[in-house]
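Me: Could you walk me through a protein model step by step? I would like to ask questions as we go.

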Amino acid sequence: MSRIYNFSAGPSMLPVEVLEQCAAEMLDYNGSGMSVMEMSHRSPVYDAIIKETEADFRKLMNIPDNYKVLFLQGGASTQFAAVPLNLMKTGKADYVVSGQFSKKAYKEAQKYGDAKCIASSEDRTYAYIPEITPDMVREDADYVHVCYNNTIFGTKYPEVPNVGDKVLVADMSSCITSEPVDVTKFGCIYAGAQKNMAPAGLTVVIIREDLLGTEKEFTPVMLNYKEMADNDSMYNTPPCYAIYVAGLVYKWALKNGGLEAMKKRNEEKAALLYDYIDSSKLFKATADKKYRSMMNVCFVTGDADLDKKFCKEAEAAGLSNLKGHRSVGGMRASIYNAMPKEGVEKLVEFMKAFEAANA
Ligand SMILES: *Cc1c(COP(=O)(O)O)cnc(C)c1O
């Protein structure tokens with residue numbers, strides 16, 4: 001067996017211990033005589049699994065009791081519709097467009113009401129996060145939507161944006177559980193799990209209870225937060241196995257010191273990479289320093305052919321999936337929780353050698 005360092009933006013690396021446990025339990029989970037994949041979601045064994053997963057997630061993220069946790073399907077992209085369907089009470093919502101995913105969310109919301117873009121960083125290819133202040137938010141907007149970490153452009157909010165007394169909704173797909181966040185500052189947080197938490201197929205929604213029950217009449221039942229909350233995410237078959245793996249990942253994170261420790265490790269990994277890039281004559285980081293993501297590190301050589309050569313040679317050296325998103329080119333190293341520090345060290349070593357050889 002040989003594991004490589006996988007810098008994919010998602011689906012992405014999972015902790016080796018978690019994969020080993022999955023493998024060991026594949027034929028017989030805990031004496032049940034079957035895999036978690038094969039289990040009825042209504043069985044007592046599975047009921048214990050989903051309850052424990054939620055409890056560990058709550059502990060890890062310090063989620064207050066007045067928030068519901070939903071385990072859903074459809075990816076973060078489905079939430080681009082679910083959010084306006086459930087939360088656009090008066091029909092108005094404000095969006096900050098800081099990248100491709102937030103733009104998609106904004107476009108989707110326009111189908112359901114008066115969605116307004118109150119700030120955008122499209123003018124500079126999303127190299128920064130547009131700052132917002134409470135006076136930019138419309139008086140009668142139901143919520144403000146932001147994408148907390150922009151996976152494609154490698155930017156992140158340096159702090160929780162101030163939207164006054166408005167409900168803040170955040171897409172945290174690529175940064176959830178990477179560091180502590182104050183959940184109470186948000187009305188709703190959602191995330192596709194395949195970046196930092198689990199295999200693809202699971203989407204997690206954290207929603208403040210008082211925001212439930214105001215969905216539009218024609219909201220599909222599968223997108224209805226209240227319906228899902230009332231049924232403990234079991235209105236229909238949930239993504240059982242992905243939920244189970246998410247639970248193992250939460251246990252792994254808790255065992256390794258929780259989100260404070262994740263943050264420290266992630267900061268160290270990101271610093272290793274950014275510090276080298278900043279000192280390099282060949283590589284250049286594309287995001288403005290103040291807004292650099294800790295999870296997705298985007299960089300270029302300035303020469304598309306050289307970028308291509310870099311990715312090809314890196315792949316051959318066991319440093320995989322470093323190609324930037326198809327819409328922007330260049331390189332992107334996604335260094336989520338499960339990426340060990342050695343992976344980043346190897347990448348920096350490789351970059352140094354590449355720079356020397358291509359000076
Ligand atoms: C990956 C990603 C999405 C899309 O997620 P899907 O689960 O593929 O729909 C949305 N937002 C952000 C920030 C992402 O990183």
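Me: What should I know before we start?
Reply: This is a predicted model, where local features need pLDDT of at least 70, side-chain atom pairs count only at pLDDT 80 or more, and totals for chains, interfaces and linings use all residues. Residues are numbered from 1 along each chain as its sequence is written, and side-chain values use heavy atoms, with hydrogens and water left out.

Me: How many residues surround the ligand?
Reply: A residue is near a molecule if one of its heavy atoms lies within 4 Å of it. The closest ones here are Ser77, Thr151, Asp171, Gln194 and Lys195. The shell divides into 4 nonpolar, 7 polar and 2 charged residues; here Asp, Glu, Lys and Arg count as charged, Ala, Val, Leu, Ile, Met, Phe, Trp, Tyr, Cys and Pro as nonpolar, and the others, Gly among them, as polar. The number surrounding the ligand is 13.

Me: What share of the ligand's exposed area does the protein bury?
Reply: Let's start with polar contacts, pairs of N or O atoms within 3.5 Å (within protein, one must be able to donate a hydrogen and the other to accept it, and residues adjacent in sequence count only if both atoms are side-chain atoms). A polar side-chain atom of Asp171 is 2.6 Å from a ligand nitrogen, and one of Lys195 is 2.7 Å from a ligand oxygen. Taken alone, the ligand exposes 390 Å² (Shrake-Rupley method, 1.4 Å probe), and the share buried by the protein is 86%.

Me: Which residue of strand 14 is the bridge partner of Phe299?
Reply: Strands are DSSP runs of E, at least two residues long, numbered from the N terminus, and two of them pair if DSSP finds at least two bridges between them. Strand 12 (residues 296-300) runs antiparallel to strand 14 (residues 331-334), with 4 bridges joining them. On strand 11, Ala285 stands opposite Phe299, while in strand 14 the partner is Met331.

Me: Why does Asn224 count as buried?
Reply: Asn224 sits in the loop between strand 10 (203-208) and helix 5 (225-230). It is in contact (heavy atoms within 4.5 Å) with Asn86, Glu215 and Thr219, leaving aside neighbours within four places in sequence. Buried means under 20% relative accessible area, exposed over 50%, and partly exposed in between (1.4 Å probe, protein chains only). Asn224 counts as buried because its relative accessibility is 8%.
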